[in-house]
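Me: Please take a close look at one part of this model, and give the cut-off behind each term as you use it. I would like to know what lies around it and how it is packed.

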Amino acid sequence: MTEPGTKTPRERYRAQVRAEIKERAREQIATAGASGLSLNAIAKQLGMSGPALYRYFTGRDELITELIRDAYRSLADTFGTVARSGSGADLAALAHALRDWALADPQRYFLIYGTPVPGYHAPDDITAIASEIMTFLLDACAELPAAAAPSAFDRHIEEHRQWAGGHPAPPAALHRALSFWTRMHGILSLELAGHFTGMRFDPAQLFTAELDGLLAH
């Protein structure tokens with residue numbers, strides 16, 4: 001009888017093959033993008049038939065879901081490590097952790113923050129992980145002092161805060177979180193896509209300057 005928490009040889013083999021399929025999928029996405037993902041090509045690389053591969057993943061969407069889930073989980077864990085460190089709910093620390101995470105694997109970044117895969121819809125559990133990431137950001141923004149007077153967008157966001165998942169952050173913190181998310185991702189997306197190549201400036205300096213601007217308001 002198998003001890004609780006242990007896997008049978010068959011289960012270990014299945015987990016190993018699934019991991020190999022995911023690794024080949026990541027390699028394929030790095031060269032052709034997620035929309036070009038081909039399970040038949042992966043099966044060929046692994047020396048198995050197409051139908052045999054479908055015993056491990058029911059289709060392209062399930063494989064993409066696994067990769068997206070892994071990517072979101074990795075970023076959520078990265079933010080969690082920052083939050084549990086001496087930095088606590090620190091917006092600057094989260095920003096630099098986000099950039100380091102993105103630069104470490106640009107294709108993983110684009111898988112979740114790039115162009116959506118046509119015809120693909122993520123399941124609810126992935127949305128929950130994405131919300132977990134946003135919660136770390138909202139916690140950090142709520143720790144910062146609010147502006148003296150609410151802006152027009154602060155008043156607007158107070159009436160449209162469903163995306164915050166019930167987080168009690170005040171409107172100014174919601175505004176700052178959205179500004180952070182859009183501006184940091186804007187710079188990262190341009191940098192990772194190579195749009196700064198040849199412009200002869202350091203993207204890290206631009207990232208830091210934008211972050212300083214957010215923290216100053």
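Reply: Leaving aside neighbours within four places in sequence, Pro203 is in contact with Arg99, Glu191 and Phe196, contact meaning heavy atoms within 4.5 Å. This is a predicted model, in which local features need pLDDT of at least 70 and side-chain atom pairs count only at pLDDT 80 or more, while totals for chains, interfaces and linings use all residues. Residues are numbered from 1 along each chain as its sequence is written, and side-chain values use heavy atoms, with hydrogens and water left out.

Pro203 lies in helix 10; helices are DSSP runs of H or I with at least four residues, strands are runs of E with at least two, and both are numbered from the N terminus. The relative accessible area of Pro203 is 16%, so Pro203 is buried (under 20%; exposed is over 50% and partly exposed in between, with a 1.4 Å probe and protein chains only). Ile187 is 16 residues from Pro203 in sequence, and their C-alpha atoms are 7.9 Å apart.

Helix 10 (residues 203-216) packs against helix 9 (residues 171-192) at an angle of about 170°, with the axes 10 Å apart. Axes are lines fitted to C-alpha atoms, for helices over the stretch in contact, and angles run from 0 to 180 degrees between N-to-C directions. Helix 9 is therefore roughly antiparallel to helix 10 (over 145 degrees; under 35 is roughly parallel, 65 to 115 roughly perpendicular and the rest oblique). On the helix 9 side, the contact is made by Arg176, Ser179, Phe180, Arg183, Met184, Ile187, Leu188 and Glu191. Helix 10 contributes Pro203, Leu206, Phe207, Glu210, Leu211, Leu214 and Leu215. By class, this contact has 10 nonpolar, 1 polar and 4 charged residues. Ala, Val, Leu, Ile, Met, Phe, Trp, Tyr, Cys and Pro count as nonpolar, Asp, Glu, Lys and Arg as charged, and the others, Gly among them, as polar.

Elsewhere, Glu66 lies in helix 4. Glu66 counts as buried because its relative accessibility is 17%. Its side chain makes a polar contact with the side chain of Arg69 (2.8 Å). A polar contact is a pair of N or O atoms within 3.5 Å; within protein, one must be able to donate a hydrogen and the other to accept it, and residues adjacent in sequence count only if both atoms are side-chain atoms. Beyond four places in sequence, Glu66 is in contact with Arg18, Lys22 and Phe57. Arg18 and Lys22 are among the buried residues of helix 1.
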